[in-house]
Amino acid sequence: RLFVIVIAAAIVLALAIVGCNALNHKTSSNEKPVELLMSTITASQPRMLTFLAVGDIVPHKEMIAQSRSDDGSYDFNHVFEPVLTRLAPYDLLSVTQETPLVTDESRVGGYPIFGTPVQMGDAIDNAGFDIVTSATNHSLDQGIDGVFDTVEYWKQNHPEITLMGLHDDPADANGVTFIERNGITIAMTDLTYSLNGFELPAGQE
């Protein structure tokens, strides 16, 4: 039924276009309206969008340790290096960063309470991702402050990336994200069914 509705909508739109063009179009005596309609549809340039969603990124203690330098800094670019050539062809890339990002070394950790160094976000950006989804069962592993810190990190360091699932404004949390690429607009939302037993503070739902 949905397919039929979509086709019907496309035909109505095409008929509207044909109607507008018909004012300046002289039809021959043997040219049929259906033929004119089909020629208009065929002449329009098709739009295409290639989209890839990957994940989840859940850095455990071993990965964090492997990504830590002697000076205490972190570099997670090696996580994505093996797949960069596979990511490159896509027009739009989305990744699920499942764990909150932290700057405080004392909050860095793996299972069961995750805290991922913010350098993971830098690696995600370097890999070319356009969208980061973060509404997961680990969203509250670092409390509500971890949520706000993660949102602030993305806003301040990689504002070109669309963050979904975590918000510092209730109006944004209740909305749908629209993303345009190649003249095509897609609607996305990001939700989680569980917070691993954690609860949002009153007023932060």
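This is a predicted model: local features need pLDDT of at least 70, side-chain atom pairs count only at pLDDT 80 or more; totals for chains, interfaces and linings use all residues.

**Entry 1, the hairpin.** I looked up E7 and E8 and found that they form a hairpin with 2 residues between them. In the turn, Asn182 has a positive phi of about 60°. Strand E7 covers residues 177-181 and strand E8 residues 184-188; the two run antiparallel and are joined by 5 bridges. Opposite Ile184 in E8 I found Arg181.

**Entry 2, the open sheet.** I then asked in which order the strands of the open sheet stand. The sheet has 4 strands in the order E1-E2-E5-E6, and their pairing is parallel. Strand E1 (51-57) and strand E6 (162-164) each have a single partner strand and stand at the edges, so one side of each is left without a neighbour in the sheet. On average, neighbouring strands of this sheet are turned by 20° against each other, direction ignored.

I looked up strand E2 (residues 92-97) and strand E5 (residues 131-133), which run parallel and are joined by 3 bridges. For Val95, I found the bridge partner Val132 in E5.

I recorded 8 helices and 8 strands in the chain. Of its 205 residues, 31% count as buried. The chain exposes about 12900 Å², of which carbon and sulfur atoms supply 56%. Lastly, I looked up contacts between residues at least 6 apart in sequence: 73% of them join residues at least 24 apart.

Methods:
Residues are numbered from 1 along each chain as its sequence is written. Side-chain values use heavy atoms; hydrogens and water are left out. Buried means under 20% relative accessible area, exposed over 50%, partly exposed in between (1.4 Å probe, protein chains only). Contact means heavy atoms within 4.5 Å. Accessible areas come from the Shrake-Rupley method with a 1.4 Å probe; for residues, only the protein chains shown count as cover. Two strands pair if DSSP finds at least two bridges between them. Axes are lines fitted to C-alpha atoms, for helices over the stretch in contact, and angles run from 0 to 180 degrees between N-to-C directions.
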